[in-house]
Amino acid sequence: MLLNSKVVIVTGAASARGIGKATAKALAAQGARVVILDLRKEDAESAAHDLGEDHLGLACDVTDKAACIAAAKAVVDKYGRVDGLINNAGITQPLKTMDIE
């Protein structure tokens, strides 16, 4: 297993049809302990449970720095470290990239 016992956070991974959930599944299949961050705690926990034992789901609004710090602290408290981060969270905006403030 390529990621045996590595701890990887995946943001925006609770949606059953999303790239984040598929990424989380692939990481778990390679032995990673996956931490799913999503807006709703229940959704994040459910998605982590779908991956199997020893995965974690946390509520986190990635646009809120304090929420991100709290999530990182919770991960370090549980696993002792963070080995990787997949910044997947986001929504489609009806704006051109250069128009986003």
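Start by selecting Cys60, which is buried, with a relative accessible area of 5%. Buried here means under 20% relative accessible area, exposed means over 50%, and partly exposed lies in between, with a 1.4 Å probe and protein chains only. The model is a predicted one, in which local features need pLDDT of at least 70 and side-chain atom pairs count only at pLDDT 80 or more, while totals for chains, interfaces and linings use all residues. Residues are numbered from 1 along each chain as its sequence is written, and side-chain values use heavy atoms, with hydrogens and water left out.

Is Cys68 buried or partly exposed? At 28% relative accessibility, Cys68 counts as partly exposed. A disulfide is a covalent bond between the sulfur atoms of two cysteines; the test used for one is a pair of cysteine sulfur atoms within 2.5 Å. The sulfur of Cys68 is 4.0 Å from that of Cys60, its closest cysteine sulfur, so the two are too far apart for a bond. The structure holds 0 disulfides.

**The sheet**

Next, colour the strands. Helices (H or I, at least four residues) and strands (E, at least two) are DSSP runs, numbered from the N terminus. Two strands count as paired if DSSP finds at least two bridges between them. In what order do the strands of the open sheet lie? The order is S3-S2-S1-S4, 4 strands with parallel pairing. S3 (56-59) and S4 are the edge strands, each pairing on one side only. From one strand to the next, the twist averages 20°. Axes for such angles are lines fitted to C-alpha atoms, for helices over the stretch in contact, and the angles run from 0 to 180 degrees between N-to-C directions.

Now select S1, residues 7-11. Of its 5 residues, 5 are buried. In a regular strand the side chains alternate between the two faces of the sheet. On one side of S1 are Val7, Ile9 and Thr11, on the other Val8 and Val10, and all are buried.

S2 (residues 33-38) runs parallel to S1 and is joined to it by 5 bridges. To get from S1 to S2, the chain passes through helix H1 (residues 19-29), in a right-handed β-α-β crossover. Right-handed means that, with the strands pointing away from the viewer, the path from the first strand over the helix to the second runs clockwise. S4 (residues 84-86) also pairs with S1 in the parallel sense, over 3 bridges.

Zoom in on Val10. Its bridge partner in S2 is Ile36, and in S4 Val10 stands opposite Ile86. For Ile9, the bridge partner in S4 is Leu85.

**The cores**

Show the side chains next. A nonpolar core is a set of buried Ala, Val, Leu, Ile, Met, Phe, Trp, Tyr and Cys residues joined through side-chain atoms within 4.5 Å. The largest one has 13 residues, and those with the most contacts inside it are Val10, Ala24, Leu27, Val34, Ile36 and Leu51. S1, H1, S2 and helix H2 (41-51) each give two or more residues to this core. Another core, of 11 residues, lies apart from it and includes Ile9, Val35, Ala71 and Val75.

Select Leu27. Contact means heavy atoms within 4.5 Å. Not counting residues up to four places away in sequence, Leu27 touches Leu3, Val8, Val10, Ala32, Val34 and Ile86.

**The helices**

Move to Lys21, found in helix H1. At 6% relative accessibility, Lys21 counts as buried. Leaving aside neighbours within four places in sequence, Lys21 is in contact with Ala13, Ser15, Ala16, Ala47 and Asp50.

Then select Ala48, in helix H2. Ala48 is buried, with a relative accessible area of 2%. Residues up to four places away in sequence aside, Ala48 touches Ile36, His55, Leu56 and Gly57.

Helix H3 (residues 65-79) lies across S1, S2 and S3, and runs at about 155° to S3.

**Two positive phi angles**

Finish with Ser5, in the segment before S1, and Asp54, in the loop between H2 and S3. Phi of Ser5 is near 65°, a positive value in a residue other than glycine. Asp54, not a glycine either, has a positive phi of about 70°. Ser5 is partly exposed at 30% relative accessibility, and Asp54 is partly exposed with a relative accessible area of 40%.
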